[in-house]
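User: I have a new model open and would like a walk through it. Can we start with what the terms mean and then go over the fold?

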Amino acid sequence: MAQVEATTERVVAADPETVFDTLADYTGTRAKLLPEHFSEYEVREGGDGEGTLVHWRLQATSKRVRDCLLEVTEPTDGELVEKDRNSSMVTVWRVTPAGEGKSRVVVTSTWTGTGGIGGFFERTFAPKGLGRIYDAVLARLAAEVEK
């Protein structure tokens, strides 16, 4: 079984602290950033970065739905890590400066893929599909912080 990875990035016109705080605000703005692929959003513990436990269902395709229960950590400045208790998926959000008043946001999800022909299709198509979903999240993030 191979590791599968999906990475998406965007430069937004807001300082890194504002962008990071917006991403880390699970009780407030985070829910507003999620497109229709996410449902049943619920903060179960915490709500602001480190120590948060958040639940959602992610519908990547019409047939593929993940029930996610994510533990949030902040291992370094500008980094949020969401580890799914229900699978091998780990999503890392990195916010770094990108010039005067701008930030680069990179989101990377990794997980252990399945084997065989199903694994081939997963490694081929899942990163593109998840990339499109996170593109939508980053577009909503930009709209939120560039107000």
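Analyst: A term first: two strands count as paired if DSSP finds at least two bridges between them. This is a predicted model.

User: Which residue is the bridge partner of Arg57 in S4?

Analyst: Asp67 is the bridge partner of Arg57 there. The strands concerned are S3, residues 53-59, and S4, residues 65-73, which run antiparallel and are joined by seven bridges.

User: How many residues lie between S3 and S4 in their hairpin?

Analyst: Five residues lie between S3 and S4 in that hairpin.

User: And what about S4 and S5, how many bridges join them?

Analyst: Four bridges join S4 to S5, residues 79-84, and the two run antiparallel. Val72 stands opposite Glu82 of S5. S4 and S5 also form a hairpin with five residues between the strands, and in this hairpin Gly78 has a positive phi near 75°.

User: New topic, helices. How many are in the protein chain?

Analyst: The protein chain has three helices, along with seven strands. Read from the N terminus, the elements run β-α-α-β-β-β-β-β-β-α.

User: Now the overall shape. Why would one call the radius of gyration in line with a compact globule?

Analyst: A compact globule of 147 residues would have a radius of gyration near 15 Å, and the protein chain has 15 Å, so the two agree. The C-alpha atoms fill a box of roughly 45 × 30 × 30 Å along the principal axes.

User: What share of the residues counts as buried?

Analyst: Of the 147 residues, 43% count as buried. The accessible surface of the protein chain is about 7600 Å², and 49% of that surface belongs to carbon and sulfur atoms.

User: Last one: what share of the contacts joins residues at least 24 apart?

Analyst: That share is 49%, taken among contacts between residues at least 6 apart in sequence.

Terms used
Residues are numbered from 1 along each chain as its sequence is written. This is a predicted model: local features need pLDDT of at least 70, side-chain atom pairs count only at pLDDT 80 or more; totals for chains, interfaces and linings use all residues. Side-chain values use heavy atoms; hydrogens and water are left out. The radius of gyration is taken over C-alpha atoms; the globule rule is 2.2 Å times the number of residues to the power 0.38. Buried means under 20% relative accessible area, exposed over 50%, partly exposed in between (1.4 Å probe, protein chains only). Contact means heavy atoms within 4.5 Å. Accessible areas come from the Shrake-Rupley method with a 1.4 Å probe; for residues, only the protein chains shown count as cover.
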